[in-house]
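Welcome, and please open your viewer.

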Amino acid sequence: MKICFLPIDNRPVCYNLVKDIVAIDDDIELYLPPREFLGDLTKPANVEALFVWLRDLPKADAIILSLDTIAYGGLIPSRRSDESFDEIKSRIENLKNILLEKNAKIYAFSSIMRISNNNYNEEEKEYWSQYGKKIFDYSYQTHKNGVFACESCIQRLIPDEILNDYMQTRKRNFEINKIYLDWQKEGFFELLIFSKDDCAEFGFNVMEALELEKLGGKTKTGADEIPLTLLARAVKKEIRVYVEFTEPEFKDLISNYEDISIEKSVLAQLELAQMSVTESLEDADIVLVVNNFREKQGELVMGWNTQPYSKKLVLPDKSYAIADVRFANGADNNFVDQLLPQIDLEKFYGYSGWNTSANTLGSLLAGIKVRFNAKSFNKKAFCDLQMIRFLDDWAYQANVRGEIETPCEIKELMGKYENILSNTFAYDDITRINYSYPWNRKFEIEVSL
């Protein structure tokens with residue numbers, strides 16, 4: 001199978017992870033653009049170079065496409081870009097003309113512009129450092145109350161020029177998404193998804209999602225993982241999944257940064273990956289173990305505590321994979337401490353615990369689908385993928401990240417975790433493992449084996 005994949009940006013979870021997953025099956029041929037063509041935290045993608053790359057692509061069975069990369073230069077530029085609607089419309093029409101010549105199935109996603117509930121402007125326009133929380137509150141209350149709260153106290157705290165700029169950016173992106181819907185109705189896409197990134201229960205982004213759904217669009221909570229879930233969708237193999245929650249009585253709770261329950265998030269990701277849910281353990285091909293949370297999802301780096309896993313872990317007596325969502329942005333140490341000694345590589349289909357619940361689930365399902373369907377299973381590639389995920393999600397995010405103040409050399413701090421994992425996944429030389437900070441911040445590291 002030949003797959004073309006255009007990521008959102010150059011982060012390891014957007015660029016490297018797809019390579020690591022596809023490497024599980026030597027029979028899949030993956031086409032990725034050069035990493036330097038893609039955007040990062042401060043610069044947008046080189047769209048003209050990407051157009052040349054797309055034109056020169058050999059014939060592929062499937063094209064998995066992050067539409068924001070072409071439209072705005074990436075996910076973050078989609079919130080920051082001051083380009084006009086007409087400029088972006090012209091760019092995406094050029095994209096459409098190129099793709100029409102490829103005669104491939106196109107699986108695409110476009111983001112619904114998020115509204116982060118904080119005053120951090122690292123990924124937003126400059127004014128977010130002062131008005132981000134107020135804009136979030138204005139959005140939330142406007143939707144919740146059912147009318148535009150033009151006379152609200154919140155709005156009067158936001159200067160007109162800032163609120164107008166924000167709303168115009170939202171309107172521009174929403175109108176671009178409606179163009180993609182028109183393409184969908186023409187049959188251009190095999191599948192088109194609109195992603196709800198960092199959602200709350202109410203907000204302009206939720207309102208836009210509902211409007212797109214009324215117009216025939218499909219929406220999903222999440223963002224970074226959706227291209228990977230679309231990868232799973234492109235791998236045409238039906239898998240029957242039995243879902244096992246570690247805290248079944250709490251599966252209706254809503255994860256941080258999401259607007260639906262963890263159970264609905266699991267089911268939505270499985271549906272998107274085209275993996276069916278079975279109520280019978282005996283009929284299942286694989287068990288998806290979801291280490292979910294009690295009362296509220298924790299997040300170690302934010303100081304949001306939750307009750308860690310406190311039972312005796314008994315793994316299924318058949319193929320299984322682990323979605324560790326008890327904490328956002330990192331693993332549950334209690335759970336992993338019990339899991340690692342029990343791993344049987346013949347039954348173990350993968351682990352994930354990165355960032356939001358949707359991020360964890362989507363990337364995990366892609367790995368499951370590729371391994372289950374593998375015509376030429378590469379066991380070493382599978383073990384390398386698990387090394388990277390545990391080193392990132394468990395060792396770094398749940399432990400070492402909290403021990404450092406700024407990006408720094410962490411090889412020594414990671415050593416004890418490397419030793420444990422090298423035994424589990426037969427990695428013979430931990431001196432070859434290196435770490436870097438691709439966006440020069442603590443939030444993400446790049447693990448290189």
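Which residues in H10 meet which residues in H13? Select Leu228, Thr229, Leu231, Ala232 and Arg233 in H10, then Gly362, Ser363, Leu365, Ala366 and Lys369 in H13: these are the residues that meet. Contact here means heavy atoms within 4.5 Å.

Before going on, a word on the ground rules. This is a predicted model, in which local features need pLDDT of at least 70 and side-chain atom pairs count only at pLDDT 80 or more, while totals for chains, interfaces and linings use all residues. Residues are numbered from 1 along each chain as its sequence is written, and side-chain values use heavy atoms, with hydrogens and water left out. Helices (H or I, at least four residues) and strands (E, at least two) are DSSP runs, numbered from the N terminus.

**Stop 1: H10 and H13**

Show helix H10 (residues 226-234) together with helix H13 (residues 357-373); they pack at an angle of about 25°, with their axes 7 Å apart. The axes are lines fitted to C-alpha atoms, for helices over the stretch in contact, and angles run from 0 to 180 degrees between N-to-C directions. H10 and H13 are therefore roughly parallel to each other (angles under 35 degrees count as roughly parallel, over 145 as roughly antiparallel, 65 to 115 as roughly perpendicular and the rest as oblique). Their crossing is left-handed, a term for a near helix turned anticlockwise from the far one by less than a right angle, with right-handed used if it is clockwise. Ala, Val, Leu, Ile, Met, Phe, Trp, Tyr, Cys and Pro count as nonpolar, Asp, Glu, Lys and Arg as charged, and the others, Gly among them, as polar.

**Stop 2**

Now select Gly222, in the loop between strand E6 (219-221) and H10. Gly222 is buried, with a relative accessible area of 6% (buried means under 20% relative accessible area, exposed over 50%, partly exposed in between, with a 1.4 Å probe and protein chains only). Draw a C-alpha to C-alpha distance from Gly222 to Ser357: the two are 135 residues apart in sequence and 8.3 Å apart in space. Not counting residues up to four places away in sequence, Gly222 touches Ser195, Lys196, Asp197 and Ala358.

Move to Asn355, in the loop between strand E11 (348-352) and H13. Asn355 has a positive phi of about 55° although it is not a glycine, and with a relative accessible area of 16% it is buried.

**Stop 3: Ser352**

Select Ser352, whose place is in strand E11. Is Ser352 buried or exposed? At 1% relative accessibility, Ser352 counts as buried. Its side chain reaches the backbone oxygen of Thr360 at 3.3 Å. This is a polar contact, that is, a pair of N or O atoms within 3.5 Å; within protein, one must be able to donate a hydrogen and the other to accept it, and residues adjacent in sequence count only if both atoms are side-chain atoms. Residues up to four places away aside, Ser352 touches several others, including Ile322, Ala323, Asp324 and Asp393.

**Stop 4: two further helix pairs**

Show helix H8 (residues 160-185) and helix H9 (residues 204-214), which pack at an angle of about 20° with their axes 11 Å apart. H8 and H9 are therefore roughly parallel to each other, and their crossing is right-handed.

Next comes helix H2 (residues 47-55) with helix H5 (residues 85-100), packed at an angle of about 15° with their axes 10 Å apart. H2 passes H5 in a left-handed crossing. Val47, Phe51, Leu54 and Arg55 of H2 make the contact with Arg91, Asn94, Leu95, Ile98 and Leu99 of H5. Sorted by class, the residues of the contact of H2 with H5 are 6 nonpolar, 1 polar and 2 charged.

**Stop 5**

Select Glu295, in the loop between strand E9 (286-291) and strand E10 (320-324). Its phi is near 70°, a positive value in a residue other than glycine, and at 69% relative accessibility Glu295 counts as exposed.

Finish at Glu444, in the loop between strand E12 (434-436) and strand E13 (446-448). At 8% relative accessibility, Glu444 counts as buried. Which side chain does the side chain of Glu444 make a polar contact with? The partner is the side chain of Arg441, at 2.6 Å. Leaving aside neighbours within four places in sequence, Glu444 is in contact with Arg11, Gln397, Tyr437, Pro438 and Trp439.
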